[in-house]
Amino acid sequence: MQSEAVQKAKSELDAMVDRKTIVAELRGDRCRCGSTKARGQTFCRTCYFLIPPSTRKRLYERIGEGYEGAYRECCDYLDEKGKAKP
Ligand SMILES: [Zn+2]
C-alpha cells in the first residue's frame with residue numbers, strides 16, 4: 001500500500017520535473033539540436049519541418065493537456081532521423 005503511494009508520488013514528481021524542463025526549453029532560444037530558435041517555439045525551423053505535420057501540429061496542445069506527449073514524440077522522431085543520417 002505504502003509503496004504504491006511512494007510510486008505515485010515519484011511519478012508525479014517525474015512529470016513535474018519533465019514539465020519544468022519542457023517549459024524552460026520552450027522559453028529559451030536554443031533548440032535541442034543547438035541551433036537558435038524563437039522563444040516560445042519548441043524547435044528551430046529545421047527540426048520543426050523535419051517532424052511530420054500530423055505530429056508537429058500536436059505541439060499546439062497545452063502543457064498538461066498533451067503537449068508533453070507530443071514533445072516526446074517529436075524528440076523520438078528527431079532522434080531516429082538523426083540516427084538515419086549517413
Ligand atoms: Zn533544431
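Modeller: Let's start with Lys20, which counts as exposed because it has 10 C-beta neighbours inside 10 Å. The scale works like this: a residue is buried if 20 or more other C-beta atoms lie within 10 Å of its own, exposed if 12 or fewer, and partly exposed in between, with C-beta atoms placed from the backbone. Bear in mind that this is a predicted model, where local features need pLDDT of at least 70 and side-chain atom pairs count only at pLDDT 80 or more, while totals for chains, interfaces and linings use all residues. As for the numbering, residues run from 1 along each chain as its sequence is written.

Lys20 is in helix 1. Helices here are DSSP runs of H or I with at least four residues, strands are runs of E with at least two, and both are numbered from the N terminus. Helix 1 covers residues 2-27, 26 residues in all, and its first and last C-alpha atoms are 38 Å apart. That is close to the 38 Å expected at 1.5 Å a residue, where the expected span is 1.5 Å times one less than the number of residues. The number of buried residues among the 26 in helix 1 is zero, so this helix lies largely in the open. From Lys20 to Thr36, 16 residues apart in sequence, the C-alpha distance is 20 Å.

Now follow the chain onward. Ala38 sits in the loop between helix 1 and helix 2 (45-50), and with 11 C-beta neighbours inside 10 Å it counts as exposed. Its C-alpha is 8.6 Å from that of Arg27, eleven residues away along the chain.

So where is the nonpolar core? Six residues make up the largest one: Cys31, Phe43, Cys47, Ile51, Tyr71 and Cys74. By nonpolar core I mean a set of buried Ala, Val, Leu, Ile, Met, Phe, Trp, Tyr and Cys residues joined through C-beta atoms within 7 Å. Leaving aside neighbours within four places in sequence, Cys31 is in contact with Lys37, Phe43, Cys44 and Cys47; contact means C-beta atoms, placed from the backbone, within 7 Å.

Further along, Lys57 lies in the loop between helix 3 (53-56) and helix 4. Lys57 is exposed, with 11 C-beta neighbours inside 10 Å, and its C-alpha is 8.7 Å from that of Ala70, 13 residues along the chain. Asp79 belongs to helix 4 (residues 67-84) and is exposed too, having 11 C-beta neighbours inside 10 Å.

Stepping back, the chain has four helices and zero strands. Buried residues come to 9% of its 86 residues, and its C-alpha atoms fill a box of roughly 50 × 30 × 25 Å along the principal axes.

Definitions and conventions. Contact = placed C-beta atoms within 7 Å.
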